[in-house]
Amino acid sequence: ILVVGWGVSGKAAALFLLSLGYEVCAADRKIPEHLLQDVQFFQEKEVGALDQFSLLVLSPGVPLTHFLPVQAQKDGVEIVGEAELAFRYLRQKAVAITGTNGKTTVTSLVEHVLRSCGKKAKAVGNIGTALTEYALKADPEEIAVVELSSYQLETLESSPFMAAVLLNITPDHLDRYPSLEEYAQAKVKIEKSLQPQGTLYVYEKAAKEYSSLFTKPFVSFIGESDWIPLEGHELVNATAAWLLCAKFGVTKPEFTQALQTFQKPSHRIEFVKEIAGVQYYDDSKGTNVDAVIKAVASMKGSVVLIAGGVDKGSSYLPWKEAFQGKVKSLLVIGESAKKIEEELNSSFSINVLASLEDAVRKAAKIAESGDCVLLSPGCSSFDMFRDYVHRGQEFQRYVCSLEERRELS
């Protein structure tokens with residue numbers, strides 16, 4: 001079996017296949033620093049004839065348009081995604097969460113509530129634990145709470161889910177998808193992953209905007225404000241989590257009680273520190289245009305915004321209207337800095353900085369007491385960091401160093 005893509009999912013798939021007794025090869029653009037024993041590695045262009053393989057396992061980051069799956073289709077070699085491979089073996093109860101924004105928070109919340117109510121549950125998938133890694137040691141009595149990206153949904157053919165939630169669809173990954181419509185089609189594919197009696201919940205806005213893409217019945221929902229003291233996207237996320245938890249007998253009072261002890265995952269509008277009356281927030285997970293709009297809207301004071309990174313193909317023009325009267329200065333870094341500056345320089349004070357550290361120092365000079373400094377990049381992190389977690393950790397480190405400098409001075 002050939003595993004294409006040697007990231008977290010690819011390595012997990014290889015280990016899983018080895019445990020089943022398969023002979024495993026792997027391919028990636030570059031030779032990795034660490035390779036598994038018993039796995040033969042090829043650089044992509046050195047793979048050779050694909051008819052030597054009985055199956056090609058595709059990591060989520062590798063599109064179906066990549067030359068290896070294209071050739072596999074021509075040669076009649078079966079292609080499966082890493083998530084699909086796992087679900088061919090997993091047998092426990094499962095629910096799924098997808099959407100452009102909020103899916104990790106909802107996935108974590110569902111896991112937290114179910115555990116708080118005495119049920120076995122595990123958050124897996126795009127949240128960090130690859131599904132094949134989970135399949136290696138899955139407890140059959142455990143509820144799998146599965147976060148799914150559009151990439152994973154592209155190649156998912158099984159129907160394992162009792163229920164699923166589609167939170168929202170806003171422009172993202174347009175560096176991979178030719179249009180927003182094709183990105184939306186990948187998201188809507190979640191409807192095909194439901195069991196025959198399974199329920200799909202779709203947030204009302206997405207249901208209205210993309211109604212023509214759905215081929216199966218679904219239940220539209222809005223944020224329920226009568227029983228959870230939350231606002232905006234947090235209210236919608238909580239309602240989505242409640243709908244899934246209710247499938248397992250969780251009552252509203254039980255859910256509300258569990259919600260009070262829930263801590264959001266890091267790097268999602270996470271308060272870092274207040275220095276000289278300025279509040280610093282880490283929203284490194286805000287990797288698309290709409291996520292940044294939501295993050296800015298959640299801030300209480302004027303905002304000094306740090307944005308930029310690897311451009312994902314979307315326009316930044318929606319920020320013009322959304323930031324009016326809210327963002328006092330925009331500090332941009334990374335590969336997308338020039339594009340952001342070109343699109344928005346007529347509307348905002350923009351500074352292009354060489355690094356995140358420079359941006360944090362500049363922000364500290366600009367911000368006044370009562371302001372917020374917000375890292376919400378609207379872009380991927382891979383031009384300057386390992387991933388969004390690394391970017392967020394570095395931001396927090398730089399903010400802490402600001403306080404140390406103040407103390408020394």
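Modeller: Helices (H or I, at least four residues) and strands (E, at least two) are DSSP runs, numbered from the N terminus. The model is a predicted one, in which local features need pLDDT of at least 70 and side-chain atom pairs count only at pLDDT 80 or more, while totals for chains, interfaces and linings use all residues. Residues are numbered from 1 along each chain as its sequence is written, and side-chain values use heavy atoms, with hydrogens and water left out.

The helix to look at is α2, which spans residues 67–75. Within α2, the residues L68, P69 and A72 are buried, a word that here means under 20% relative accessible area, as against exposed (over 50%) and partly exposed (in between), with a 1.4 Å probe and protein chains only. These three lie on the same side of α2, because they cover an arc of only 95 degrees around the axis, the arc being that of the directions from the helix axis to the C-beta atoms. Q73 and K74, by contrast, are exposed on the other side of α2. The cover over the buried residues of α2 includes the strands β1 (2–4), β2 (24–28), β4 (55–58) and β5 (78–81), where contact means heavy atoms within 4.5 Å. Just after α2 comes G76, whose phi is positive, at about 75 degrees.

Another buried residue is F16, with a relative accessible area of 4%, and its place is in helix α1, residues 8–19. When neighbours within four places in sequence are set aside, F16 is in contact with L85, Y89, T132, A135 and L136. T132 stands 116 residues from F16 along the chain, yet the C-alpha atoms of the two are separated by 6.0 Å. Side chains also meet between helices α4 and α9, where T105, V106, L109, V110, V113 and L114 in α4 meet N237, A238, A240, A241, L244 and C245 in α9.

Turning to charged pairs, a search of the whole structure finds 18 salt bridges, each being a side-chain nitrogen of Lys or Arg within 4 Å of a carboxyl oxygen of Asp or Glu. Salt bridges link E78, E84 and R88 in a network. K120 and E141 form a salt bridge as well, with the closest N and O atoms 3.5 Å apart. That pair links distant parts of the chain, since K120 is in the loop between α4 (103–116) and β7 (121–125) and E141 is in the loop between α5 (131–136) and β8 (143–147), 21 residues apart. K120 is partly exposed at 42%, whereas E141 is exposed at 61%.

Other pairs sit inside one helix. K205 and E209 meet in a salt bridge of 2.8 Å, N to O, and they are separated by about one helical turn, because they are four residues apart in helix α8, residues 204–209. K205 counts as partly exposed at 48%, and E209 is partly exposed too, at 44%.
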